[in-house]
Amino acid sequence: MQGPPPRARGALGAYMAPVPVFAGYVLFGWGLAHVPASTATTLSLLEPAVAAVLAVLVVGERLPAAGWAGIALVVGCLAVLAVLTAPTPSARRPRRREGRMARHRQTRGRPRHTRERPRRTEGRRRTGRRLPAAATGGKRPPTA
């Protein structure tokens, strides 16, 4: 069986680099940024099985029985994993605690920041020493 002519191979290579590879990685990165990590991991583990099924359906590959058994194992294990890691109904909605609401009722009407901020002395460091004149814009602050 003879492959495509050299000119067609170059055109095929020029197409394969930017279109499926680059676009695939860009879309994969975009998807990772928009789905949870657990979903991305599950879909990544499912990728070889989907690729094998697409090879059979699109390209006309023949998959031996061991290949079909492998696909069934991958899909079955991921289904079990999805069932085991699914959140329970009680874990989906956190229950309200009376303590939090009681605290909210007690603080209603008060300002949020009740403590005073420490006074800032212009032109002085925390140690109380005076800053040089260059650090205060050429003027020395009055001594207190």
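**View 1. Ala 55 touches Gly 60 and Glu 61, neighbours within four places in sequence left aside.** Contact here means heavy atoms within 4.5 Å. The model is predicted: local features need pLDDT of at least 70, side-chain atom pairs count only at pLDDT 80 or more, and totals for chains, interfaces and linings use all residues. Residues are numbered from 1 along each chain as its sequence is written, and side-chain values use heavy atoms, with hydrogens and water left out. Ala 55 sits in helix α2. Its relative accessibility is 22%, so Ala 55 counts as partly exposed. The cut-offs are under 20% relative accessible area for buried, over 50% for exposed, and in between for partly exposed (1.4 Å probe, protein chains only).

**View 2. A nonpolar surface patch involves Val 50, Leu 54, Leu 57, Val 58 and Val 59.** The patch covers about 510 Å². Patch residues have over 30% relative accessible area and no salt bridge, and nonpolar side chains (Val, Leu, Ile, Met, Phe, Trp, Tyr) are joined within 5 Å. A salt bridge is a side-chain nitrogen of Lys or Arg within 4 Å of a carboxyl oxygen of Asp or Glu. Leu 57 belongs to helix α2, residues 37–59. Leu 57 is exposed because its relative accessibility is 66%. Val 50 is also a patch member and lies in helix α2. Val 50 has a relative accessible area of 41%, so it is partly exposed. The C-alpha atom of Val 50 lies 9.7 Å from that of Val 75, 25 residues away along the chain.

**View 3. Helix α2 kinks at Glu 47.** The kink is about 40°, and the proline Pro 48 comes shortly after Glu 47. The bend at a residue is the angle between axes fitted to the seven residues ending there and the seven starting there. The 23 residues of α2 should span 33 Å at 1.5 Å a residue, and the end C-alpha atoms agree because they are 32 Å apart. The expected span is 1.5 Å times one less than the number of residues. Pro 48 and Gly 70 are 22 residues apart along the chain, with 10.0 Å between their C-alpha atoms. Gly 70 is in helix α3, residues 65–85. Gly 70 has a relative accessible area of 29%, so it is partly exposed.

**View 4. Ala 40 contacts Leu 32 and Val 35, its neighbours within four places in sequence left aside.** Ala 40 is part of helix α2. Ala 40 counts as buried because its relative accessibility is 13%. Phe 28 is 12 residues from Ala 40 along the chain, and their C-alpha atoms are 9.4 Å apart.

**View 5. Helix α1 bends at Met 16.** The bend is about 35°. A proline, Pro 18, follows within four residues. Helix α1 holds 29 residues, 6–34. At 1.5 Å a residue they should span 42 Å; the end C-alpha atoms are 41 Å apart, so the span agrees.

**View 6. The whole chain has five helices and zero strands.** From the N terminus on, the order is α-α-α-α-α. Helices (H or I, at least four residues) and strands (E, at least two) are DSSP runs, numbered from the N terminus. Buried residues make up 5% of the 144 in the protein chain. Among contacts with a separation of 6 or more, 16% join residues 24 or more positions apart. The protein chain exposes about 13,400 Å², with 62% supplied by carbon and sulfur atoms. Accessible areas use the Shrake-Rupley method with a 1.4 Å probe.

How values were computed:
Patches are made of residues with over 30% relative accessible area and no salt bridge: like charges are joined within 9 Å, nonpolar side chains (Val, Leu, Ile, Met, Phe, Trp, Tyr) within 5 Å.
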